[in-house]
Amino acid sequence: FLSHRETDLDFRGIHLAALVGENGAGKSALLDAMTWAVWGRSRAPYGREEDLVYHGESDIEVELVFRMPYQGGAERRCRILRRRELRGRRSATATLDFQIEVEEGWRSLTADSIRDTQARIVEQLGLDYDTFINSAYLRQGHADEFTVQSPAQRKRVLSAVLGLDSWAELQGRAR
């Protein structure tokens with residue numbers, strides 16, 4: 001993925017981290033790899049995933065393992081594996097797997113299509129890409145992402161971050 005051919009990061013036990021290094025060392029590429037794994041989006045122009053491929057390779061693959069509460073219960077480890085194999089200039093094969101760790105190993109939460117699997121990931125996280133980049137991740141060169149949004153878009157982001165959608169749902173049930 002970009003400047004990383006085989007890179008493993010283990011943040012277990014780390015509550016706050018800073019990526020520090022020389023310009024061009026691949027710090028932003030690590031964050032792009034994470035957003036590409038989770039949402040299929042990165043700083044590459046839309047539809048230009050070939051720009052993400054490590055020089056001389058024909059495919060990209062990112063595996064992201066993380067902890068999160070699952071279905072309102074205890075925290076569980078989740079795994080997202082996104083892969084794209086390029087075949088020529090106009091052809092590619094894509095896969096997206098979403099799994100949760102259970103006692104017996106990894107259980108698949110992958111749907112019938114990449115689009116449906118992506119929807120499951122967003123639903124489980126409770127966070128879409130636009131909300132993430134406007135609230136938690138200040139992309140290089142886009143620090144003003146939130147402030148240049150329309151008022152309606154800023155309201156949508158704040159509503160998602162503050163969990164106001166769940167309050168609206170509860171209000172509807174109460175009525």
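What is the relative accessible area of Asp59? The value is 22%, so Asp59 counts as partly exposed. Buried means under 20% relative accessible area, exposed means over 50%, and partly exposed lies in between (1.4 Å probe, protein chains only).

The views show a predicted model, in which local features need pLDDT of at least 70, side-chain atom pairs count only at pLDDT 80 or more, and totals for chains, interfaces and linings use all residues. Residues are numbered from 1 along each chain as its sequence is written, and side-chain values use heavy atoms, with hydrogens and water left out.

**View 1. The whole protein has 5 helices and 4 strands.** Helices (H or I, at least four residues) and strands (E, at least two) are DSSP runs, numbered from the N terminus. Their order from the N terminus is α-β-β-β-β-α-α-α-α. Of the 175 residues, 27% are buried. Accessible areas follow the Shrake-Rupley method with a 1.4 Å probe; for residues, only the protein chains shown count as cover. The accessible surface of the protein comes to about 12,300 Å². Carbon and sulfur atoms hold 48% of that surface. A contact means heavy atoms within 4.5 Å. Among contacts with a separation of 6 or more, 44% join residues 24 or more positions apart.

**View 2. Helix 1 is mostly covered.** The helix takes in residues 27–39. Of its 13 residues, 10 are buried. Among them are Ser28, Leu30, Asp32, Thr35, Trp36 and Trp39. Ala29, Ala33, Ala37 and Val38 are buried as well. As background, an α-helix has 3.6 residues a turn, so residues three or four places apart point the same way.

View 3. Rings of Phe, Tyr and Trp (its six-membered ring) pair if their centres lie within 6.5 Å; planes under 30 degrees apart count as stacked, over 60 as edge-to-face and the rest as tilted. The whole structure holds 2 aromatic pairs. Trp39 and Tyr129 form an edge-to-face pair, 6.0 Å centre to centre and with 65° between the planes. Trp39 lies in helix 1 and Tyr129 in helix 3 (residues 129–135), so the pair ties together parts that are 90 residues apart in sequence.

**View 4. Arg83 meets Asp59 in a salt bridge of 2.9 Å, N to O.** This pair links distant parts of the chain: Asp59 is in strand 1 (residues 59–69) and Arg83 in strand 2 (residues 75–87), 24 residues apart. A salt bridge is a side-chain nitrogen of Lys or Arg within 4 Å of a carboxyl oxygen of Asp or Glu. Arg83 is partly exposed, with a relative accessible area of 29%. Glu61 is partly exposed too, at 43% relative accessibility. Arg83 also forms a salt bridge with Glu61, the closest N and O atoms being 2.9 Å apart. Here too distant parts of the chain are linked: Glu61 is in strand 1 and Arg83 in strand 2, 22 residues apart. Salt bridges with shared partners join Asp59, Glu61, Arg83 and Glu85 into one network.

**View 5. Asp10 and Arg12 meet through their side chains in a salt bridge.** The N to O distance is 2.5 Å. Asp10 has 45% relative accessibility, so Asp10 counts as partly exposed. Arg12 has 65%, so Arg12 counts as exposed. A search of the whole structure finds 7 salt bridges.

**View 6. Leu158, Leu162, Leu164, Trp167 and Leu170 make a nonpolar surface patch of about 540 Å².** Patches are made of residues with over 30% relative accessible area and no salt bridge: like charges are joined within 9 Å, nonpolar side chains (Val, Leu, Ile, Met, Phe, Trp, Tyr) within 5 Å. Helix 4 (151–162) and helix 5 (164–174) each supply at least two residues of the patch. Which helix gives the largest share? Helix 5 does, with 3 residues. Leu162 lies in helix 4. At 57% relative accessibility, Leu162 counts as exposed.

Conventions:
The expected span of a helix is 1.5 Å times one less than its number of residues.
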